[in-house]
Amino acid sequence: MTPARLRELYGDASQHAAAKVISHFDHHCRIFIEHASFLIFATSDGTNLDVSPKGDPAGFVKVETDRTLLIPDRPGNNRIDGLMNILAHPKVALLFLIPSVSETLRVNGTAEVLEERDLCDQFQINGRSPKTVIRVTADEVFTHCGKAPMRARLWKPESWPAERPVATLYEMVRDHSELDVASTDQAYTEQRYRETLY
């Protein structure tokens with residue numbers, strides 16, 4: 001496959017698709033980010049890639065300036081793959097989602113990891129502050145059409161599985177790691193989530 005062959009197959013981007021990229025957060029972007037409760041965060045160490053989900057109540061990402069965002073890093077599994085990647089190779093990509101909205105917002109830029117207490121304390125939930133906050137300086141900002149979520153019927157509850165179609169988290173962890181786990185019950189997983197959410 002070559003770039004020329006891809007263009008032959010797909011043709012050129014529409015005039016609107018080519019021209020919609022901006023380098024700042026205008027009022028449309030700000031409103032979108034204010035209502036987004038979930039985002040996908042892509043990082044790289046320069047060789048390998050990582051993608052991780054981030055979510056909180058709507059508005060958890062703050063627009064700091066016309067070109068910068070602040071994103072709290074909540075407790076997880078402490079692998080900190082994304083944070084380590086940022087230190088090695090700060091280019092990142094973000095995809096913001098709003099439940100029920102088919103379109104998404106994409107941000108490509110450069111990230112840094114901050115630990116200043118007064119900054120972290122601005123993102124307290126239930127009296128707990130994140131250990132770090134990620135600042136992203138935007139290079140490209142643009143909306144993405146809603147075709148993929150529409151094809152997936154992502155926001156159509158009637159299309160969702162009636163029952164969980166996959167094993168529980170700890171059942172998969174046990175099988176993948178070949179280590180013992182305290183329980184494989186879904187109730188145990190949800191209890192652990194509640195205990196460690198913030």
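These are my notebook entries on a predicted model, from the whole chain down to single residues.

**Ground rules.** I number residues from 1 along each chain as its sequence is written, and my side-chain values use heavy atoms, with hydrogens and water left out. Since the model is predicted, local features need pLDDT of at least 70 and side-chain atom pairs count only at pLDDT 80 or more, while totals for chains, interfaces and linings use all residues.

**Whole chain.** I looked up the elements and got eight helices and seven strands. Helices (H or I, at least four residues) and strands (E, at least two) are DSSP runs, numbered from the N terminus. The C-alpha atoms fill a box of roughly 55 × 45 × 35 Å along the principal axes. Of the 198 residues, 28% count as buried; buried means under 20% relative accessible area, exposed over 50%, and partly exposed in between, with a 1.4 Å probe and protein chains only. I also checked contacts (heavy atoms within 4.5 Å): among those between residues at least 6 apart in sequence, 61% join residues at least 24 apart.

**The sheet.** In what order do the seven strands of the open sheet come? I read S2-S1-S5-S6-S7-S4-S3, with antiparallel pairing. Two strands pair if DSSP finds at least two bridges between them. S2 and S3 (62-63) stand at the edges with a single partner strand each, so one side of each has no neighbour in the sheet.

I then followed S7 and its partners. S6 and S7 pair in the antiparallel sense over 11 bridges, and Val107 stands opposite Val141 in S7. S4 and S7, also antiparallel, are joined by six bridges. Here Leu69 stands opposite Val136, and Ile71 has Ile134 as its bridge partner.

Helix H3 (residues 27-35) lies across S3, S4, S5 (91-97), S6 (104-114) and S7, at about 75° to S6. For that angle, axes are lines fitted to C-alpha atoms, for helices over the stretch in contact, and angles run from 0 to 180 degrees between N-to-C directions.

**Thr104.** Is Thr104 buried or exposed? This residue of S6 counts as buried because its relative accessibility is 7%. Leaving aside neighbours within four places in sequence, I found Thr104 in contact with Phe32, Leu95, Phe96, Leu97, Phe142, Thr143 and His144.

**Largest pocket.** I noted a volume of about 1400 Å³ for the largest pocket. A pocket here, on a 1 Å grid over the protein atoms alone, is an open set of points where a 1.4 Å probe fits, with protein on both sides within 12 Å along at least five of seven lines; lining residues have an atom within 4 Å of a point. The lining has 38 residues, with Arg74, Pro75, Gly76, Asn77 and Asn78 nearest the centre. They divide into 18 nonpolar, 10 polar and 10 charged. Elements that supply at least two lining residues each include S1 (38-44), S2 (49-55), H4 (81-88) and H7 (169-177). Which strand gives the largest share of the lining? That is S2, with six residues.

**Asn78.** Asn78 sits in the loop between S4 and H4. I logged Asn78 as exposed because its relative accessible area is 61%. Asn78 and Phe123 are 45 residues apart along the chain, and their C-alpha atoms are separated by 19 Å.

Technical notes. Grid points are joined across faces, edges and corners, and a volume is the space filled by probe spheres set on the points. Ala, Val, Leu, Ile, Met, Phe, Trp, Tyr, Cys and Pro count as nonpolar, Asp, Glu, Lys and Arg as charged, and the others, Gly among them, as polar.
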